[in-house]
Amino acid sequence: MSGNGAHNVVRLVDVTKVFRMGQEEVHALRGVTLEIKAGEYMSIMGPSGSGKSTLFNMIGALDKPTSGRVFIDEVDVAQLDAYELAWLRCRKIGYIFQTFNLIQVMTAIENVTLPMIFAGMGRDEYMDKGMELLRLVGLAERFQHKPAELSGGQQQRVAVARALANDPAIILADEPTGNLDLSTGEEIISLLKELSQERGVTIISATHDIKMINVSDRVVWIRDGRIDRIEDREKLQVSIGQVL
Amino acid sequence: MAKSIDRQIVLPWSQVIRISFNALRARFFRSMITTSTLVLAVAFLSYTFAVYAVLEGVWPAAEPALQDKILSAGFTPQDGHFGSTAKDRWLVVLSLLVCAVGIVNAQLMAVTERFREIGTLKCLGALDSFVIKLFVLEAAYQGVLGGAAGSVLGVGTAVVTLWARFGAPIITHLPAIGLGALLVKSSALAVALSLIGVMYPAWVAARMQPAIALRSEP
């Protein structure tokens, strides 16, 4: 399935998004066209306020574009009803957030298994898989801990395990290292890279963490709601080499 | 996309019961604040009716001296029976109205505090109906809890104060069945009030776009 002839797992066509703030109109996205191939590790870079997070929400079917189209696995998201959207979010996409967004009243294992409960798995099956995922992120012994009893890095690892619950084709990460210290951030980045290499998961990450560039196949630079430039891995290493 | 998608995204009632019970337990003190309006309104209602039920129980068997004592305390039987007056009922209805508004207000606050959690649930594939189910069941638990606490408080206060005033016959002639029925009825009313109170907030929460819900500050 993967390889050079990989299909487009996400395709945006001339997507715009306008927020209305009282009398003012804020153009968060001004026509973004983008194709993301299956298995790619892609970073969306840009300063804050550039439209990164809005673009992230569009790719993740968390918000509706004002105009333009979003295709996930070549299905137009605008055509989906509530059930189909929920299905997409549950099984196709795994989300990781800057603020972790674990459910505070649930333990690590309960957080990880929730998407599997939604997907209709039986108890034995989801508990087994939940523990396996926590083992994968190195937190199997802490499965009974609530988020407040875990460090930021540990919480984010639980979030990564949760994102993987239903074997999604895409993992969307919004500033996944934003609230973490340097070394913990690196751990999360290498965990994501491993997942992309070993499982063929497409990883799309909105970030302004330069460490992300090293592991990305492609970097999309966003500025003022438009794509400023797209750089491939080879080019990137050259330019980083020059900078350094 | 896949066929019969509705059966592929599920939240069985057994899970709803478990999740909302645990959520309530984890936030026990916060939800007690939400529930306190309910407790007080139900306590007032059950107190008012329990006083008459207890007097009605003791009156036929009471010695003339005790009957005089009851009459001089300001309680007047109508056609030989004790029952709520129009004014009592009016006060009870008013207190329930105030309670209903208070509960909607408290639930709106409680739901607003949890917008981010709702957004997260939706990212994990929750349907609008899951969010409603979870909130409605939590409100039902709060109703049962608040109703039980409130009605026991109201009936208990009525029995104890009358006993302190009129002595042992109050306890020996306690209308157990009548009071039991009152406990059940006022608890049921509390559940109903709690459910009415959560409907609008739950509906607002369930219809939010996940991106907007996630953007809210915790």
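Modeller: Helices here are DSSP runs of H or I with at least four residues, and strands are runs of E with at least two, both numbered from the N terminus. The model is predicted.

Colleague: How many helices and strands does chain A have?

Modeller: Chain A holds both kinds of element. On that definition of a run, the count for chain A is eight helices and 10 strands.

Colleague: What radius of gyration does chain A have, and what would a compact globule have?

Modeller: The C-alpha atoms of chain A fill a box of roughly 50 × 45 × 45 Å along the principal axes. For 244 residues a compact globule would come out near 18 Å. Chain A agrees with this, because its own radius of gyration is 18 Å.

Colleague: In what order do the strands of the six-stranded open sheet of chain A run?

Modeller: The pairing in this open sheet is mixed. Its edge strands, which pair on one side only, are β6 (93-96) and β10 (226-232) of chain A. Neighbouring strands are turned by 15 degrees against each other on average, direction ignored. The order in chain A is β6-β7-β8-β3-β9-β10.

Colleague: Which strands of that sheet does helix α1 of chain A touch?

Modeller: Helix α1(A), residues 52-59, packs on the sheet. Its direction makes about 155 degrees with that of β8(A). The strands of chain A that helix α1 touches are β3 (41-45), β7 (170-174), β8 (202-207) and β9.

Colleague: Over how many bridges does β4(A) pair with β1(A)?

Modeller: Strand β1(A) covers residues 8-21 and β4(A) covers residues 67-72; they pair in the antiparallel sense. One bridge sets Val13(A) against Arg69(A) in β4(A). The number of bridges between β1(A) and β4(A) is five.

Colleague: And which residue has a positive phi in the turn between β4(A) and β5(A)?

Modeller: β4(A) also pairs antiparallel with β5(A), residues 75-76, over two bridges. Ile72(A) stands opposite Val75(A) there. The strands form a hairpin with two residues between them, and the turn residue with a positive phi of about 50 degrees is Asp73(A).

Colleague: Are α3(A) and α5(A) roughly parallel or antiparallel?

Modeller: Ala108(A), Asn111(A), Val112(A) and Pro115(A) of α3(A) meet Val158(A), Ala161(A) and Arg162(A) of α5(A). These contact residues divide into five nonpolar, one polar and one charged. The crossing is right-handed, with the axes 8 Å apart at an angle of about 25 degrees. Angles under 35 degrees count as roughly parallel, and α3(A) and α5(A) are therefore roughly parallel.

Colleague: Which element gives the most to the side of chain A that touches chain B?

Modeller: The interface brings 21 residues of chain A into contact with 25 residues of chain B. On the chain A side, α2 (82-92) and α3 (108-118) each supply at least two residues. This side of chain A divides into 15 nonpolar, three polar and three charged residues. The element that gives the most, with seven residues, is α2(A).

Colleague: Is chain B a compact globule or more spread out?

Modeller: Chain B has nine helices and zero strands, and its C-alpha atoms fill a box of roughly 80 × 30 × 30 Å along the principal axes. For its 218 residues the globule rule gives 17 Å. The radius of gyration of chain B is 23 Å, well over that value, so chain B is more spread out.

Colleague: Are α6(B) and α8(B) roughly parallel or antiparallel?

Modeller: Helix α6(B), residues 128-166, and helix α8(B), residues 176-206, have axes that come within 7 Å and cross at roughly 150 degrees. The crossing of α6(B) and α8(B) is right-handed. Their contact residues divide into 23 nonpolar, 10 polar and one charged. Angles over 145 degrees count as roughly antiparallel, so α6(B) and α8(B) are roughly antiparallel.

Definitions and conventions. Residues are numbered from 1 along each chain as its sequence is written. Chains are lettered from A and ligands numbered from 1 in the order in which they are written. This is a predicted model: local features need pLDDT of at least 70, side-chain atom pairs count only at pLDDT 80 or more; totals for chains, interfaces and linings use all residues. Two strands pair if DSSP finds at least two bridges between them. Two residues are in contact if their C-beta atoms, placed from the backbone, lie within 7 Å. Ala, Val, Leu, Ile, Met, Phe, Trp, Tyr, Cys and Pro count as nonpolar, Asp, Glu, Lys and Arg as charged, and the others, Gly among them, as polar. Axes are lines fitted to C-alpha atoms, for helices over the stretch in contact, and angles run from 0 to 180 degrees between N-to-C directions. Angles under 35 degrees count as roughly parallel, over 145 as roughly antiparallel, 65 to 115 as roughly perpendicular and the rest as oblique. A crossing is left-handed if the near helix is turned anticlockwise from the far one by less than a right angle, and right-handed if clockwise. The radius of gyration is taken over C-alpha atoms; the globule rule is 2.2 Å times the number of residues to the power 0.38.
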